[in-house]
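This report walks through selected local features of one protein model. Please keep the sequence and the structure in view while reading.

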Amino acid sequence: MVEDLTKAILAAVLVGVLPGYFWERLLSGSRDVPERLAYSAALSSLLVPAAALALSWTTGGGVTLQVALAAVLSVFLCGLGARLLLGPAISEDTPLLSPPPPFGRLSLTVAGLALALVATSMLGFLSPATSALPIVVLLVVAGVAASGALGGGQPAGTFESPRKPLLSAGLLSAALLVTLARGYWGPVVHDWPYLRGGDQFSHAVMAEQMLWHGSYSSYLIYPPGFPTLVAVICRIGGLTPLEFFPVLAPALPALGSLAAYALARRLWGWEFGVAAAFLSGAVASSSYDDFAQARYPNFFSAYFLMVMGAAALLTLYRKPSIRQGMLFAALGSSVVLYHPVGTLYTALLLACVSVLIVPYLFLTRQRREGTALFLSLSLTAALSVIWAWRTYGLPHLLFGGSKPGGTEQAVAVTIGSQSPPPPASMLAELSPPVLWLGLLGLLLLALHVPSRKEIPARATLLLWAMILFAGSRTSLSGFPERFARDLSIPLVAAASLASVSLVRPVWRAGLPRLLPKTALVLLCTVVVIQAALDLDAARLPGQAVLSPSLARAGAWLREHNRGGNIISTPYLGRGISNRAVLALGGYTGLQSYREHRIEHPRSLPTAGKRPLLVSQWVLHHPRGGRTARLLRENDVRYIVIYKRYPGVNWRAFADAPDYRRVYENRAIVIFAPKNAQTPGGVV
């Protein structure tokens, strides 16, 4: 695994960071090294897959080594040429927003009481339901008091935060190391050479299809950004997707921490960035859950690319320029290339910005800012259409209607198919410190507006949180559970504001020392308890981990893959779906769902329900003329059965004269139709 990890890291840096370096120098010009790395990675994640897709579609093949190297070099050299021709962007690292006035006696006292209730609840002495209402009331009072509305705040501008490079680098490194430990601890102890999370197999199928064919049109309607990026990294690193994910996927939460740092640092300063990085990686539950469930593209789009796009947008409000507008347009549209839910978040947020912020800028005579924002939003929309054109079949939708199983049907089966999660589960998804400190931070954002120039940025952050919360409370969003989980993204930024604002009085001499130190101790207690709980949960065995029996069966399938399709039981162990067999064996079909999921699908293969119905019929009717016809029409080479799957009798296939048993172990048995072109013999 050490060799694979080394290859994966080197390839990821070569593909995912270096190509965007000169583009970051051209468009952003940040002087902060971690922020520059974050922007470089975000730009590389857009430009390299776009270049690889263009090259593979032009050549009509997959992501070969030549295509991968050409994509990386073209992005790098074009960025270098543009940087030399146009020069670097003007660097200006002053924070975009002013922090609220330091907490006074009243606000510190009330916030301390709220934190004491949070800690008591987390330790199990109070139920979350019992403590929720008092905590909300106390936080509202503390937020109002800190804003100065009740006379509880202190004068603004009395606290200075000079840049301390060594302290900032040390604290950020510590936050990233804790995040990496959280990601790698469980897999290293329990999972390797496999990895937790059933969704990884879908991403492996799509990445492998990109490697060899440049498309996965027969598998799913899904944006090509993440599969193409993985394909380029795997091709350059000499790894397969199923070798790449176990060694590098646990590092994804650290990428989210880096993006949270870049956003909060850009808004308020380095100490807020460090707090956001720690809260995102070590305290928030939802970011780790996306990794543990292998929702890699969702994490990449919502926790990284959208956050970097938001940072570019907020900077554009205060520093309008052509370069900043291009940076926002590139990053704002990049989400479309990676995930449909992240695209939905971005579309809703930018729609609100278009309707509310653009008119506000023009009405308040900020014409330069308004014009720059309008043009940048227009460019973002144009780029988004380009990224979505082929993925979602926009020509069919706009001019000829989509085919069955296409985009319209995929959207139709999603809307209203999932109920909003109960409030108690949202608390667990977000983690108490992120939720409660985030609520306090949102109050500080809304109540403390020192200048008109800050209104667009503050309103955008509030709109971001409101959109995700509203989507989590209605089934019409299609993904209320994801809206609830991903609400942690803006809450982390707001929580960093609240956390540092609570800590600031410790450095002030005008207040009695006991009160601010007590608030600091309570804040640290709450955060440390949650971080310890998260690390303890991360070290436990994960669910949806590939079993050795299934891995051996998958290796046999890949060795004997002569084309065609396979059929398998919908599930092959806890959390492991039929898509795992497809990924292990190198197939794209036929997919297989449980009967209830066929009737009430959340997603469908490209061809709609037909492949699912074929798989279901064959698994439950081993014999008969219709079964023989379906096997022949769909070129089915193997039937893979998990012996303990309820409702499918593998012995019925063993007793039928139309099949040969070609592989068997303790958990899996594989049959081949006798008329299929397959090797024989039982292993």
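## An aromatic cluster

The model is predicted. Phe-226, Phe-244, Phe-245, Tyr-296, Phe-300, Phe-304 and Tyr-338 form a cluster linked by ring pairs. One of its members, Phe-300, sits in helix α14, which spans residues 296-318. Phe-300 has a relative accessibility of 6% and therefore counts as buried, the cut-off being under 20%.

Which residues does Phe-300 touch beyond its neighbours within four places in sequence? The contacts are Ser-45, Leu-229, Leu-252, Leu-255, Leu-305 and Tyr-338. Tyr-338 is 38 residues from Phe-300 along the chain. Their C-alpha atoms are 7.5 Å apart.

Two other cluster members, Phe-244 and Phe-245, are among the buried residues of helix α10. This helix covers residues 241-248 and is mostly covered, with 6 of its 8 residues buried.

What do the buried residues of α10 pack against? Their partners are α1 (2-16), α7 (165-191), α8 (200-212), α9 (225-237), α11 (252-268) and α14.

## Other aromatic pairs

The structure holds 18 aromatic pairs. In one of them, the ring centres of Phe-22 and Phe-76 are 5.4 Å apart. Their planes stand at 65°, so this pair is edge-to-face. Phe-22 lies in helix α2 and Phe-76 in helix α4 (residues 65-86), so the pair ties together parts 54 residues apart in sequence. Phe-22 is buried, at 18% relative accessible area. Phe-76 is partly exposed, at 28%.

Phe-653 and Tyr-659 make another edge-to-face pair, because their planes also stand at 65°. Here the ring centres are 5.1 Å apart. Both Phe-653 and Tyr-659 are buried.

## Arg-25 in helix α2

Helix α2 runs over residues 21-27 and includes Arg-25. Is Arg-25 buried or exposed? Arg-25 counts as buried, because its relative accessibility is 15% and the cut-off is under 20%.

The Arg-25 side chain reaches the backbone oxygen of Ser-30, at 2.5 Å. Residues up to four places away in sequence aside, Arg-25 touches Ser-30, Arg-36, Arg-83, Pro-88 and Ala-89. Two of these contacts, Arg-36 and Arg-83, are themselves arginines.

## The crossing of α21 and α24

Helix α21 (residues 432-447) meets helix α24 (residues 488-503), with axes that come within 6 Å. How do the two helices lie relative to each other? The axes cross at roughly 75°. The helices are therefore roughly perpendicular.

On the α21 side, the contact is made by Val-434, Leu-435, Leu-437, Gly-438, Leu-439, Leu-440, Gly-441, Leu-442, Leu-444 and Leu-445. On the α24 side, the residues are Ser-488, Leu-491, Val-492, Ala-494, Ala-495, Leu-497, Ala-498, Ser-499, Ser-501 and Leu-502. By class, the contact has 15 nonpolar and 5 polar residues. No charged residue takes part.

## Backbone features in loops

Two cis peptide bonds can be pointed out. Trp-192 and Pro-193 are joined by one, with omega about 15°. Pro-193 is in the loop between α7 and α8, two helices against which buried residues of α10 pack. Another cis bond joins Gly-589 and Leu-590, with omega about 10°. Leu-590 is in the loop between α27 (578-585) and α28 (595-599).

Ser-431 has phi near 75°. This serine is in the loop between α20 (423-430) and α21. Ser-431 is buried, at 1% relative accessible area. Asp-635 has a positive phi of about 50°. Its loop lies between α30 (625-633) and strand β2 (636-642). At 35% relative accessibility, Asp-635 counts as partly exposed.

Notes. Residues are numbered from 1 along each chain as its sequence is written. This is a predicted model: local features need pLDDT of at least 70, side-chain atom pairs count only at pLDDT 80 or more; totals for chains, interfaces and linings use all residues. Side-chain values use heavy atoms; hydrogens and water are left out. Helices (H or I, at least four residues) and strands (E, at least two) are DSSP runs, numbered from the N terminus. Buried means under 20% relative accessible area, exposed over 50%, partly exposed in between (1.4 Å probe, protein chains only). A polar contact is a pair of N or O atoms within 3.5 Å; within protein, one must be able to donate a hydrogen and the other to accept it, and residues adjacent in sequence count only if both atoms are side-chain atoms. Contact means heavy atoms within 4.5 Å. Axes are lines fitted to C-alpha atoms, for helices over the stretch in contact, and angles run from 0 to 180 degrees between N-to-C directions. Angles under 35 degrees count as roughly parallel, over 145 as roughly antiparallel, 65 to 115 as roughly perpendicular and the rest as oblique. Ala, Val, Leu, Ile, Met, Phe, Trp, Tyr, Cys and Pro count as nonpolar, Asp, Glu, Lys and Arg as charged, and the others, Gly among them, as polar. Rings of Phe, Tyr and Trp (its six-membered ring) pair if their centres lie within 6.5 Å; planes under 30 degrees apart count as stacked, over 60 as edge-to-face and the rest as tilted.
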